[in-house]
Amino acid sequence: MAKKLQVVLNQDINKLGKSGDVVEVAPGYARNYLIPKKIAFRTTPGVLKQVERRKELERQRQIELKQAAETQKTALETVGRFKIAKQVGENDAIFGTVTDRELVELIKENTGQEIDRRGVTLPEISKVGFYKAEIKLHPEVTAEVEIQVVGS
């Protein structure tokens, strides 16, 4: 059996790795498919150093993003409660519902912070009252804010 060949990927390949990863593949696969199609290139000591440097820079960037998310979480939890006014019918039931877009706009007005609405998780809000919403700021950082729904 021929030994495996180390290559660095130029693009993501399903079940093999992501761009910039060093992977070991069969020599024929590398020689006949990956390298001619410029999907990967052979590793050298210089290339391995570049890959390590790139990984370190990416790790530092992820740490900075997490710290920024922690700061944003602290700011959101300092404000604590956000008031949303809705039209109310019988039995304190509101017309419509509170959406993630409304909450994101309210947070932007009150704190000036940009938040991705896809990270907002709201409970089912159908009446006037207090509710808790989770906001995912980073894969490891989640803030929890309180929403007060009042009648207008």
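Read along the sequence, the protein follows the pattern β-β-α-β-α-β-α-β-β-β, and in total it has 3 helices and 7 strands, where helices (H or I, at least four residues) and strands (E, at least two) are DSSP runs numbered from the N terminus. This is a predicted model, in which local features need pLDDT of at least 70 and side-chain atom pairs count only at pLDDT 80 or more, whereas totals for chains, interfaces and linings use all residues. Residues are numbered from 1 along each chain as its sequence is written, and side-chain values use heavy atoms, with hydrogens and water left out.

The pLDDT, which is the predictor's confidence in each residue on a scale from 0 to 100, averages 89 over the protein, and 99% of the residues score at least 70.

| Element | Confidence in the protein | Mean pLDDT |
|---|---|---|
| Strand E4 (residues 81-86) | lowest | 88 |
| Strand E2 | highest | 93 |

An open sheet of 3 strands has the order E2-E1-E3 with antiparallel pairing, two strands being counted as paired if DSSP finds at least two bridges between them. Its edge strands are E2 (22-25) and E3 (40-42), each of which pairs on one side only, and the twist averages 45° from one strand to the next. Strand E1 (residues 5-9) and E2 are joined in the antiparallel sense over 4 bridges, and Val7 has Val23 in E2 as its bridge partner. Helix H2 (residues 45-79) lies across E1, E2 and E3 and runs at about 45° to E1; axes are lines fitted to C-alpha atoms, for helices over the stretch in contact, and angles run from 0 to 180 degrees between N-to-C directions.

For the overall form, the protein has a radius of gyration, taken over C-alpha atoms, of 25 Å, while a compact globule of 152 residues would have one near 15 Å, by a rule of 2.2 Å times the number of residues to the power 0.38. The C-alpha trace spans about 75 × 30 × 20 Å along its principal axes. Buried residues make up 30% of the 152 residues, where buried means under 20% relative accessible area, exposed over 50% and partly exposed in between (1.4 Å probe, protein chains only).

Gln148 lies in strand E7 (residues 141-151) and counts as buried because its relative accessibility is 15%. Leaving aside residues up to four places away in sequence, Gln148 touches Arg81, Phe82, Lys83, Ile84, Gly129 and Phe130, contact meaning heavy atoms within 4.5 Å.
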